[in-house]
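Biologist: Hello! Could we go through this model together, one question at a time?

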Amino acid sequence: MDESEILRRLELLRVDHRDLDAAIEALGATTMPDQLQIARLKKRKLLLRDEIAMLEDQLIPDIIA
């Protein structure tokens, strides 16, 4: 993956991450929140965060001290 592809992928992942935030908040605000669904969304959100971190690491050049 070149840098422009990584940046595009990062932007998509960040949008998905924000969407999951909104979905989790909306589910939590209901009178009878579905805890299983919320847990699944949170797990997916964590996986997205891990992938975002991995891609961000690819953008930072290795510096040998």
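Predicted model: local features only at pLDDT ≥ 70, side-chain atom pairs only at ≥ 80, totals over all residues.

Biologist: Good to know. In which helix does His17 lie, and is His17 buried or exposed?
Modeller: His17 lies in helix α1. Buried means under 20% relative accessible area. His17 has a relative accessible area of 16%, so His17 counts as buried.

Biologist: Leaving aside its neighbours within four places in sequence, which residues is His17 in contact with?
Modeller: Contact means heavy atoms within 4.5 Å. With the neighbours within four places in sequence set aside, the contacts of His17 are Lys45, Leu48, Arg49 and Ile52.

Biologist: Which residue caps the N-terminal end of α2?
Modeller: Look for a side-chain oxygen by the backbone nitrogen of Leu36.

Biologist: Which residues of α2 are buried, and what does their cover include?
Modeller: The buried residues of α2 are Ile38, Leu41, Leu48, Ile52 and Leu55. An α-helix has 3.6 residues a turn, so residues three or four places apart point the same way. What covers the buried residues of α2 includes α1.

Biologist: Now for charges. How many salt bridges are found in the whole structure?
Modeller: Side chains of opposite charge can pair when their charged atoms come close. One of the pairs is Arg18 with Glu11, whose closest N and O atoms are 3.8 Å apart. A search of the whole structure finds five.

Biologist: How many residues apart are Arg14 and Glu56?
Modeller: The side chains of Arg14 and Glu56 meet in a salt bridge, 2.5 Å from N to O. This pair links distant parts of the chain, with Arg14 in helix α1 and Glu56 in helix α2.

Biologist: Which residues are linked with Glu56 in a network of salt bridges?
Modeller: Glu56 pairs with Arg14. The side chain of Glu56 also meets that of Arg49 in a salt bridge, 3.6 Å from N to O. In the network, then, Glu56 is linked with Arg14 and Arg49.

Biologist: What separates the C-alpha atoms of Glu3 and Leu55?
Modeller: Glu3 is found in helix α1, and Leu55 is among the buried residues of α2. They are 52 residues apart along the chain, while the separation of their C-alpha atoms is 9.6 Å.

Biologist: One last question: which residues make the nonpolar surface patch?
Modeller: One member is Ile60, found in the segment after α2. Ile60 counts as exposed because its relative accessibility is 53%. The patch has about 260 Å², and the residues that make it are Leu7, Leu59 and Ile60.

Notes:
Residues numbered from 1 in each chain as written. Heavy atoms only, no water. Patch = residues over 30% accessible without salt bridge, like charges linked within 9 Å, V, L, I, M, F, W, Y side chains within 5 Å. Areas by Shrake-Rupley, 256 points an atom, 1.4 Å probe, with all protein chains shown as cover. Salt bridge = Lys/Arg side-chain N within 4 Å of Asp/Glu carboxyl O. Helix = DSSP H or I, 4+ residues; strand = E, 2+ residues; numbered from the N terminus. Buried < 20%, exposed > 50% of the residue type's maximum accessible area, 1.4 Å probe, protein only. Polar contact = N/O pair within 3.5 Å; in protein donor to acceptor, adjacent residues only side chain to side chain.
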